[in-house]
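Colleague: I'm new to this one, so please walk me through a single part up close. Take the sheet, and follow it with a pair of packed helices.

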Amino acid sequence: MLRRLEINDLALIRQLTVEFEQGLGVITGETGAGKSILLDALGLALGFKASSDLLRKGAESCRIQALFEVDMHDGVWAAWLESKGLAASSDGELWLKRELTLNGRGRCWINGESVPLPVLAEAGEALVDFQGQHEHQSLLRTRHHLALLDEFAGSKSLASEVRDAWVSLAQARGAFRDAGLSGEERLKRVDLLDYQVRELEAAAPSPGEREALMAERALGLSAGKRSQALATAYGSLFGAEQEGALSQLDAVGGELRRLAAMDPGWGVDLPRFEASLAEMKDLAAKIDAAKDNADFDPKRAEKIEERLHLIELLCKKYATDEAGLLVHARRAKEELDSLEDHAGGMARHEKLQAAATAAFSALSTRLSEDRRAAAGRLVVSVQQELSQLGLDKAVFDVRFGALEGPNGLEEAEFLLAANPGEGLKPLAKVASGGELSRITLALKAVLSKGTQVGTLIFDEIDTGVSGRIADIVGDKLVALAKQRQLICITHLPQIASRPGRHYRVEKTVTAGVTETSVHVLDEKERESEIAAMLDGKEISASALGHARQLLAAARISR
C-alpha cells in the first residue's frame, strides 16, 4: 500500500509530504484548490505520461517520490526486483521516484537505482489501480472490455500467450507467402542472397574484431614514442662503464652483504633488497627484449586499415555489428537454401504455418472458454453490486463477437439496460454520469477481489450521485477499503464522513505566490469541513449539527 508521497516543485506545490494509512482516505477541498494535483503527482511516480508544463513556475525540475509497503515474503516482489537487477528491501519498502526537467528529459528510480520509464510503469501498474477523474470514461470504449474480462477470468497470462502465438502465426504465414514467390521474383531474391552470403563469408568477420584492430592500430601509432621510452629506460638500467642502475644496485647489494657480515641487524633487510633487485632484473630483461621489437611493421599497419575499412563498410551496409553480420549471413544462407529448394521450402513453410495455426487455435480456444465462463460470473457479480448501489432494475451483460486477431477469436462488449423495458445497449449510449460512476464502482468492487494490487484510487467516483445513493456509494467504498487501501477525492459529505483519514487540500496566496497544501483533519476540523460541504462557506449551526450526525452515523455503520 501507499505510505508516503513526497512532491517538490509540481504545479502549485513547492514542497509537500503526505502520509497515508491503510483503509479509506478521503480528499476534499474547494474546486481549483489542487486536489487532482496529488493524484497527478502519484501518477507521475507510477510512470504515467508526463509534460514539462507540470513544473512549478520558475523551477528547473520537479521531483516526486512515493513510498509503498509491499509483501516480500510471498516472493513475488523479490522475484520481480531480481529480474530487473534491483535490490529488494528486507523491510518491504519500495521507493518509486521520478524527476522531470524543463527540457523534457526525465529520470526514474526504484529503491534508489536508476531504471527506464517502462520498468517504473510496470511496478506502478502492479501497485495501484488508478481510476482518474476522466478515466472511468474508458468503460465506454469497447476495446478495454476484453482486457477487463481477462483480468477477471485470471487469464492475463494466457491472453499474453495468445498474442505471442498470433505473432508466430503471422510470421509463418508471411514466410509461406514469400516462399511462393513467382519465378522471376524468386530468382532476383536468390541473386541478392547469394551475393550477400559470398560477400560476408569472404569477409569472415569475427565478434569484437573491429575493437581489436583499433587497439592494434593505436599501438602502431604510438610505436615511435614507445621505442624512445624503451631506449631511455634501457640506457638508464644498463648504462655504460658500470653507470647503469643495475650495476649500481649490484654494488649496493655487495655493500649490504658486507654490512650484514659485520652487523647481523642488516641481515633482516638483505632479503627484501635481493627480492626487489630480482624484480628489477626481470623488468630489465623485458625492456631489453622489447626494445628491438618496438617498431611497427608498415605493411601490418596497411593491412589493419584495409581490414577496418572493410568491416566498417559492411557494418554500415547491413546496419549491425560484427556479430550481427554473422547472424545475417547465416539467415541469408538458410533462406537461400530454402529458395533454391523451392518445392522442399514450400512444404517446410506450409508445415510450419500449419503448426503455428494449430498452436494459435488451441490457445485461443482455451482463452475463449475461460472468457465465456468468466463472463457469466462477471454478470452475476456486477448485477449484485449494481443492485446494492441503487440500480436494482438495471441489467448488465457481456456480448461476444467473432474477430480473429492478436486478442484471440473474439471481441467483447459490456452492455447495460439501465431501466425496465429498455433493450441492452453499449454503455456509452445508456449510462448517465451517475449511472456510469456506479457501474465503475461495481466493476471495481468485483474486479479488485481477484487482483493483488494493494491501492485503489478513485477521483470523483461520486459524480452525478446524491442523497440516498451517495450513502450507498459511501458504504460500498468503506467495504472496499476493508480489502484494499482506498484513496478517494470526493465532493459529497456522505462519503467524506466515512471512517478513515480525511485530507483537506487548500490553496493560499502569499506575497503574490499561489501554493497548494494538504492538511490532515482532526475530528473538529472534519465537522467544519463536512458542514462547509453541506452549507457552503458560511457554516450554520444546523450544518454543523448535520455534519456531526453524518460522522456519528458513519462510526456506527462501520
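Modeller: Strands here are DSSP runs (E, at least two residues) and helices are runs of H or I with at least four residues, both numbered from the N terminus. Two strands pair if DSSP finds at least two bridges between them. Bear in mind that this is a predicted model, where local features need pLDDT of at least 70, side-chain atom pairs count only at pLDDT 80 or more, and totals for chains, interfaces and linings use all residues. Residues are numbered from 1 along each chain as its sequence is written, and side-chain values use heavy atoms, with hydrogens and water left out.

Now the sheet: it's an open one of 3 strands, running E9-E10-E11 with antiparallel pairing. E9 (395-405) and E11 (425-426) sit at the edges with a single partner strand each, so one side of each has no neighbour in the sheet. Between E9 and E10 (residues 408-417), the antiparallel pairing covers 9 bridges. Look for Asp397, which stands opposite Leu415 in E10. Helix H4 (residues 145-153) packs on this sheet and touches both E9 and E10, where contact means heavy atoms within 4.5 Å. The direction of H4 makes about 95 degrees with that of E10; such angles run from 0 to 180 degrees between N-to-C directions, with axes fitted to C-alpha atoms, for helices over the stretch in contact.

On to the helices: H7 (residues 209-221) packs against H11 (residues 298-318) at about 150 degrees, their axes 10 Å apart. H7 and H11 are therefore roughly antiparallel (an angle over 145 degrees). Residues making the contact include Leu213 and Met214 of H7, plus Ile304 and Leu308 of H11.

Terms used: Angles under 35 degrees count as roughly parallel, over 145 as roughly antiparallel, 65 to 115 as roughly perpendicular and the rest as oblique.
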